[in-house]
Amino acid sequence: MPDVHLLVLIHGMWGNPSHLAHAKKIIQEVKGEVEDSNIKLEVLVAETNKDESTYDGIDWGGERVAEEIRQKTADLEKEGRKVTRFSVTGYSLGGLVARYVIGVLHQSKFFETVQPVNFNTLTTPHIGIPRFSSTFSSISAFLGPKLLSRSGEQFFCVDKWSPRGRPLIEVLADPDRIFYQALLLFPNIRIYANAINDLTVPYVTSSISAEDPFGEYEKNGIKIDFDEKYKNVIKSYSVPPLSSVTAAEPRSWFSTIRNSRPLLPPLFQRNFPLNLAIYTLLPILFPTFICLALIRLSFQSHQSRGRLRHLEADSARDKLIHIIGKLESELESVAVDLYDDPAGTPIAASPIPDTDPADKTNSAAPTKGKEKKSRSKPPPYQPLLTPGQLQCIETLNKIPQLKKERAFFEGVRNSHAIIVCRDPKLFKHHLEGEGVLRHWADHFEL
């Protein structure tokens, strides 16, 4: 029998395997029945870390999925099918879980007998959820860690995961740690980011970038060339100098609404005549919806913290302790101490226009006055990144085989679910992301 190439798909926050059903369908169409191949693709959509379990953190989710992978590998061997190649694709939170999983597998010597091949993520918050200079961002940063349990703390980098008190996001990007070293084993690393309209995972964190060139794409004169074969996938882009940009004609409120998807959440998007009743009752429905959502989040977060107490008391915690001990047993180097900023003081992502603060080759330094001004009033679409996040960007971008792809979904309320065609049966416009999935499948090395 042919050897097995095991592909693991990992969904995101509040997710379940059905969210990646379309991705599984496409990869099986493209790579599942390859003739004259000694390798057979086997797709495992992770199930052990779904729904409310996604509150339990990147680490515990990673432990669950790693165990699921070991079990799947053992089951295939019982059938006389040997796993010789391994790939993983994570969507949203699933991408961070995937980065943790490969560290666990590497630590257990899994890759001594199985060859790592493809590592992909789709709109994953690789540097956590960054802060912006908006009230909504401040509220999210305050409520997120409280309402999303351990995962929320890790998303917003307020956890103290390592014995030295570093957030897990920073440890995952540390070149001296096993997670980063495991990532380097994959010859094909490709990440997909939504260039615009992703209200869940902003461009800068999904693309591992310090700046957002698409933040004012209607005004900054950016030139975008689209891939002719893959719909909504950007082939290349370029931002002209500020001096050559002419002021864009302001768009009216009516044209913005007319060319956009409904601004209401999916729960409230219904056809006539039900939509009229919803609009009429909206002043009552919307506050009620918000209250119920907060109650549910609080309840699920409370349940998660209860599960975590049992997990930490259980023998399964030995797995996590072993990894932490291996990662942090030696004394931290001076370099780590330098980029560990306990205060986590946010700084403007780009003190100088068209420069990357993570780029050490930039010798120009702003004056104190200019620096203070740029930090106090950054553009609303540019993030406020901590030194730890900037360090993550720098180290991850040093991975030589890292490739970045960008999806562009204009006229939608939130492109986060579209990029993976998360629920095309309920929301037909989710199928607009099929071009991205086709690109991913065609570039998947079997």
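**Close-up views of a predicted model**

Residues 24 or more positions apart account for 77% of the contacts in the chain with a separation of 6 or more. The model shown in these views is predicted. Its chain comprises 15 helices and 10 strands, and 49% of the 446 residues count as buried.

**Figure 1. The buried residues of helix H1 line one face of the helix.** Helix H1 spans residues 21-31, and within this helix His 22, Ala 23, Ile 26, Ile 27 and Lys 31 are buried. Viewed down the axis of H1, these buried residues fall within an arc of 135°, so they line one face of the helix. The elements that cover the buried residues of H1 include strand E1 (3-10), strand E2 (39-45) and helix H15 (434-442).

**Figure 2. Helix H1 packs against helix H15 at an angle of about 45°.** The axes of H1 and H15 are 9 Å apart. The angle of about 45° between the two helices makes H1 oblique to H15. The crossing of H1 with H15 is right-handed. On the H1 side, the contact is made by His 22, Ala 23, Ile 26, Ile 27, Glu 29, Val 30 and Lys 31; on the H15 side, these residues meet Glu 434, Leu 437, Arg 438, Trp 440, Ala 441 and Asp 442. By class, the residues of this contact divide into 7 nonpolar, 1 polar and 5 charged.

**Figure 3. Helices H2 and H3 pack with their axes 8 Å apart.** Helix H2 covers residues 58-78 and helix H3 covers residues 93-107, and the angle between them is about 60°. H2 is therefore oblique to H3. The two helices pass each other in a right-handed crossing. From H2, Ile 58, Asp 59, Gly 61, Gly 62, Glu 63, Val 65, Ala 66, Ile 69 and Arg 70 take part in the contact. Their partners in H3 are Leu 93, Leu 96, Val 97, Tyr 100, Val 101, Val 104 and Leu 105. The contact of H2 with H3 has 11 nonpolar, 2 polar and 3 charged residues.

**Figure 4. Ser 87 is a buried residue of strand E3.** Strand E3 runs over residues 83-91. Ser 87 has a relative accessible area of 0%. Apart from residues up to four places away in sequence, Ser 87 touches His 5, Leu 6, Leu 7, Val 8, Val 117, Asn 118 and Phe 444.

**Figure 5. Thr 205 is buried in helix H8.** Helix H8 consists of residues 203-206. The relative accessible area of Thr 205 is 0%. When neighbours within four places in sequence are set aside, the contacts of Thr 205 are with Thr 124, Pro 125, His 126, Ile 127, Gly 128 and Pro 130.

**Figure 6. Ala 407 lies in strand E10 and is buried.** Strand E10 comprises residues 402-407. With a relative accessible area of 2%, Ala 407 counts as buried, because the cut-off is under 20%. Leaving out neighbours within four places in sequence, Ala 407 is in contact with Ala 193, Asn 194, Ala 195, Ile 196, Asn 232, Ile 419 and Val 436. The C-alpha atom of Ala 407 is separated by 9.8 Å from that of Ile 418, and these two residues are 11 residues apart along the chain.

Definitions and conventions. Residues are numbered from 1 along each chain as its sequence is written. This is a predicted model: local features need pLDDT of at least 70, side-chain atom pairs count only at pLDDT 80 or more; totals for chains, interfaces and linings use all residues. Side-chain values use heavy atoms; hydrogens and water are left out. Helices (H or I, at least four residues) and strands (E, at least two) are DSSP runs, numbered from the N terminus. Buried means under 20% relative accessible area, exposed over 50%, partly exposed in between (1.4 Å probe, protein chains only). Contact means heavy atoms within 4.5 Å. Axes are lines fitted to C-alpha atoms, for helices over the stretch in contact, and angles run from 0 to 180 degrees between N-to-C directions. Angles under 35 degrees count as roughly parallel, over 145 as roughly antiparallel, 65 to 115 as roughly perpendicular and the rest as oblique. A crossing is left-handed if the near helix is turned anticlockwise from the far one by less than a right angle, and right-handed if clockwise. Ala, Val, Leu, Ile, Met, Phe, Trp, Tyr, Cys and Pro count as nonpolar, Asp, Glu, Lys and Arg as charged, and the others, Gly among them, as polar. The arc is that of the directions from the helix axis to the C-beta atoms.
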